[in-house]
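Dear colleague,

I am passing the structure below to you, and my notes on what was found in it follow directly after.

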Amino acid sequence: MEELGVRQRKKAATEFTNGHDTGSETKSGPAFPKVYILLAALLALALYNFLALVKSPLLGAPTRHLPGVRTHYVPTFTADEAKRDAVVEAFKHAWLAYERDAMGDDEYHPIAHTGSNLTKAGGIGYTVVDSIDTIIIMGLEDEYQRARAWVADKLSFERDGNFNTFETTIRVLGGLLSAYHLSGDDPVFLEKAQELGSRILPVFETESGLPLSLINLALREGVPDRDNGGLISTAEASTLQLEFRYLAYLTDEDTYWEKAENVMAVLRASAMTSGLVPIFVDSKMGRYQTSPIRLGSRGDSYYEYLLKQYLQTNQTELVYREMYDTAMTGIQTHLVKRGLSSQLLYIAELNPERTQNGELGWRLTPKQDHLVCFLGGSLMLGATTSGALTHNVSIPPSTDELTNQGKRDWLTGVELIDTCMATHDTQTGLAPEIAHFRILGDGMDGSMVPADWYIKGARPNAPPPFDARYILRPETVESIFIAFRLTGDPKYRDYGWAIFQAIEKHCRIPTGGYASVINVDQVPVEYDDKMETFLMSETLKYLYLLFADSSVLPLNDYVFNTEAHPLPVFNPTIRTGFS
Ligand code: DMJ
């Protein structure tokens, strides 16, 4: 298989049209014998590699780049090959077991050695498609050929069952689009993506244009989520945009763009001035419903995609920057809190409640989902783009390159990642699904509390609460990867390696695959027999990228969808009235 770096270069050169590329001009010079030219090229390459090594922040001072000069393809940080290869070995341990026991099934249960599907109607490639781009990025040729053949010959969306609109989009549509790009435009992936996109489109046929939660792929019918009174969660409605917009860009079918963009316009019209959004929205009325405000489940990727929509189209759509900036100020004003003992920075939640005179009020809940840990890296990425005063900031950025908001968000991001790492201070070194932070109302004062955070409901010799589990989630390593790329600080590779080792020690099943653990504070662990698809699409991908050299998928050129599927940045070919 052609190495990813090569494929990327060819393709990415066509994605950009804005002329940032410094490029290289070729002139026909005097007819030197070819051997001299070859020698000169080898010498230049050796010198270049030497300089890159000397400048590497892994060895000392951070690299600075001249303003306006693109940084992509420059190997700013060299790979830690041993650790990178250990991650590849882990990926193969997961993939080969899945392939052996459950190839083609949506989900995998490594202890029972079996798979299962999301509906009785049959699988939709949840695990295979979610994993393909990681396989390409890692350069696993044989695995790639088998996975591709499965997609070409077996993947079917003619399934008469109700599938979650958001999950199907981020995992399957996102996976196909990323595979299309990274494979060097293999048409099989785009054909499947187009078919899936067209089958999902009917979810937008509502009064407001906000999508329905579920889609019957065979009947091509949107279905409301009866479990939540027909409401859709905010994150689900607002985390389809990167995928549908890129599909529109590739196919010239503007309708994908318009449907996805209209969702953002409707949400914007219904938004609160703080920039914070409740986690439920009514597809019929197009209005937010009174419901909690949080950066965890059902809220998280709304904020993530505000920034990423701005980045996806090369920072040309200022409406997303404005929405993002307002939202980050809302988070800073209302949700950023500190623990009582070590002053760990965390992101709290707001829960609606009626005051005695019947007015709506918001109660602060000092609870942080593992999911919130995506925000650390996202804030740092936002600081260097939306919050930058110059086009390409240094690595790490210097203070005069960032706006005040950029500086504020950068520091918050750095601290939040440290907090997320602190939640790994458990018996297993794995972080729980939910951490609660102590507050003065707990009956303790700041001098007496044992630690800033705890797992609510955890008691010795009692069944562990749901909050205590680790289900192979990626959010902390996602942030660590971004932080490393933006700073070059080796501490982030140390963080990632510690998490990887904890996963290896406690989640790895000797016969193949990885399982969730039901209590991060219990050794030896008890397993929940499920290997979530995001282990291969996100957790191991971000770990691989953390240890790879930084020419692999540069952050200037790619946005990662919320399931870690990289999509190239492009200049939009459609202009709508949304501004
Ligand atoms: C993934 O499916 C996506 O990252 C999503 O946005 C939320 N969380 C899971 C992984 O934790």
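Arg171 is buried, at a relative accessible area of 7% (buried is under 20%, exposed over 50% and partly exposed in between, with a 1.4 Å probe and protein chains only). The model is predicted, so local features need pLDDT of at least 70 and side-chain atom pairs count only at pLDDT 80 or more, while totals for chains, interfaces and linings use all residues. Residues are numbered from 1 along each chain as its sequence is written, and side-chain values use heavy atoms, with hydrogens and water left out.

Arg171 forms a salt bridge with Glu167, their closest N and O atoms lying 2.9 Å apart (a side-chain nitrogen of Lys or Arg within 4 Å of a carboxyl oxygen of Asp or Glu).

A second salt bridge joins Arg473 to Glu433 at 2.7 Å, N to O. Arg473 sits in the loop between strand S15 and H15, and Glu433 in the loop between helix H14 and strand S14, so the pair ties together parts 40 residues apart in sequence. Both Arg473 and Glu433 are buried.

Glu89, Glu504 and Arg508 are linked in a network of salt bridges, and the search of the whole structure finds 27 salt bridges.

Kind regards

Notes:
Helix = DSSP H or I, 4+ residues; strand = E, 2+ residues; numbered from the N terminus.
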